[in-house]
Amino acid sequence: MIIGIPRALLYHKYKHLWKSFFKELGIDYILSPDTNKEILRKGSAYSIDESCLSSKIYLGHVEWLLDKCDYILIPRFSDYSRNGTVCPKFLAIYDVVANIFRDRSINLLSYSINPKVTHVEMAAFLKLGKILNKKKSQSLYAYLNAKQVEKKAHLLEITEQERLLQENKLKILVLAHRYNIFDKYIGEPILNILREQETVPIIGDIAPQKEAIANYAQISETLPWVCNRELVGSIPIYKDRVDGIILMSAFPCGPDSLVNEILIRRIKDKPILNLMIDGQEGKAGMETRLESFIDIIRFKKDEQNGRN
Amino acid sequence: MEEIKASYPQLGNYCTPLELLFTEGFDVKYIVPPPITKKTLALGSRYSPDYVCAPFKYHLGNFIETIEAGANTLVQTGGVCRLQYYGELHEQILQDLGYRVNFVNMSKVQDTNPLTFYNGLKEINPQMSLQKIGKILPIVLKMFEYIDEAENFIRKNIGFESNKGAFEKVHADFLGDLRRVRKKKELKNTYRDYMKLFKGIEINKPADPLKVGIIGEYYTIMEPFSNHYLEKELAQMGIVVDRWMNVTNTLIHYPKKQIQKRIKNYAEYPWVATSMATIDRALEFARKGYDGIIHVKSFGCTPEIDAMPILQNISKDYKIPILYFTFDTQTSETGFNTRLEAFYDMIIMRKETKK
């Protein structure tokens, strides 16, 4: 049996957990490749026009996996937990995929959980193990092991980011959902341009999760979505150590449409660039926008240094 | 102390029971939001982020116009989609524009116990009494239900009235008289009397008229300005219009479990906001052999976008045409009319070939 994992949306958050869990249980899996033009084109063709770019990419990855595996892993995240809600997209994506591809004999493998409630996640993985015909003890061991791998990977990211913060270069905090900024087709090019411009991108979503969650309310009290809470909560952690902030969103992200506006209105002491990605823009246009933003930051910084 | 003049954004004709709740329950003056016009939308759009859903912009326009009409206390509710975050940004934008009002954001007390919720409400008027609210609330809820029942009847018959404008005239009188109601008995009598009047209006309805069901997102489906008066247009084409979505069926008596069970073949997991009801109603209209379904939503409404692949499958499975409308602040009148007319031509032709 082979499980297909779409390299999109929650993959970027849970890749260590999923891969280690399946590996430990001795179950084969395949990953769809990095996002490319063709995946986006196919995903868009299957999508309702107005869907967000990230979900179009997701459908492209699911389509790529059809006929290449026995099951496609599509977890479903439920509405409420003490850490916040999730975008309605994550509640519906399982059924959306099932309906869109119902004529192409698709088998879905799912688990349904509240984000971050540890024991609920564990229960969900034990159930998943049962579907895969594994003993409870095996699944439990695999889950706990995978959880360790996930934790280690997160700590490593944080350490690496702390090192980057020491660099003597212009630093730009990039606030973007993980599935956008770590996507090779829509996110990576932005990070590359920033690096080519001799700046260091600092990724908001890498911030220590607990600390970020504890922080968000300083900036926005009623912010409901856990993904955005983590991003907004990273601002107090990094703000004083960066020179500017980029808000990168995938068109037309519902939560970001409001959250970005709040941030622009409330954060007055750092230059902010609001960058909406629709998957259509050429590299040149993006380069120009980022370059002029960085120029403004450099100019301001020189001005301040001159004054001191 | 300055008199408290409170308001909540417009939604269909619900300002009437809301006025009763605010005046008799919360003991404050209620400012009925000025009717929504192009200016309301222009105001709301100018100060809103571009990609936010249209209801946010309508609400903001409403808030600004009610402040200008004298309101000093504005209320925003919680919700299960982007709506739950509307309030904080509305408050921020109004503050940045220099308006000094008491903004009561009920999102702050979402999902907590009733006492915290009541304390949240008290921000409208610190002097309010639970007793007064308890006394008027059943009447307010009943008024929502009566308005919904009357409007259901109107939608199914207004397209066939012999004298143009007859239904609208009685409807306006009904809403006007409801504003004076304070007692349960008065409410009941007013409703009964007006239902008699509605039923007495002369209509000329064929034995098997065209029937269209309307489904979709909460605000756009219920606020006629935001859907280009879709229901009125359909009625003028001589169509029975059926719409389940209203306050009675969602906020007062929402059959969540039954809906989940009924749509199991299309949606395994429960969804949020109005999408489950959208799917459920589409199924119901399809099974009942309606001639067509119209789905309405504001641009970018995620729950409703996600319902669309399922609607497409229902359309295939039951061979029922579905027309999809997305409304934003720039929807063109011509485009809307052309698509509606084409849909009408199609469903009338299908009906004739069936015969």
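These questions and answers walk through a predicted model. Local features need pLDDT of at least 70 and side-chain atom pairs pLDDT 80 or more, while totals for chains, interfaces and linings use all residues. Residues are numbered from 1 along each chain as its sequence is written, chains are lettered from A and ligands numbered from 1 in the order written, and side-chain values use heavy atoms, without hydrogens and water.

Me: How many helices and strands are there in chain A?
Reply: Helices (H or I, at least four residues) and strands (E, at least two) are DSSP runs, numbered from the N terminus. On that basis, chain A has 12 helices and 10 strands.

Me: What radius of gyration does chain A have, and why does it agree with a compact globule?
Reply: The radius is taken over C-alpha atoms, and the globule rule is 2.2 Å times the number of residues to the power 0.38. Chain A has 308 residues, so a compact globule would come near 19 Å; the value agrees, at 20 Å.

Me: What percentage of the residues of chain A count as buried?
Reply: Buried means under 20% relative accessible area, exposed over 50%, and partly exposed in between (1.4 Å probe, protein chains only). Of the 308 residues of chain A, the buried share is 58%.

Me: Among contacts in chain A between residues at least 6 apart in sequence, what percentage join residues at least 24 apart?
Reply: A contact means heavy atoms within 4.5 Å. Among the contacts at least 6 apart in sequence, the share joining residues at least 24 apart is 73%.

Me: Is A:Thr35 buried or exposed?
Reply: A:Thr35 sits in the loop between β2 (28–31) and α2 (37–46) of chain A. Its contacts include A:Arg7, A:His61 and A:Tyr185. The relative accessibility of A:Thr35 is 7%, so this residue counts as buried.

Me: What separates the C-alpha atoms of A:Thr35 and A:Arg7?
Reply: Along the chain, A:Thr35 and A:Arg7 are 28 residues apart.

Me: Where is A:Lys239, and is it buried or exposed?
Reply: A:Lys239 is in the loop between α10 (226–238) and β9 (244–250) of chain A. Among the residues that A:Lys239 touches are A:Ile267 and A:Asp269. Its relative accessibility is 18%, so A:Lys239 counts as buried.

Me: Which residue does a cis peptide bond join to A:Phe251?
Reply: Most peptide bonds are trans. Here omega is about -20 degrees.

Me: What is phi of B:His228?
Reply: Most residues other than glycine have a negative phi. B:His228 lies in the loop between α9 (218–222) and α10 (230–236) of chain B. B:His228 is buried, with a relative accessible area of 15%. Its phi is positive, near 55 degrees.

Key
Lists of a residue's contacts leave out its neighbours within four places in sequence.
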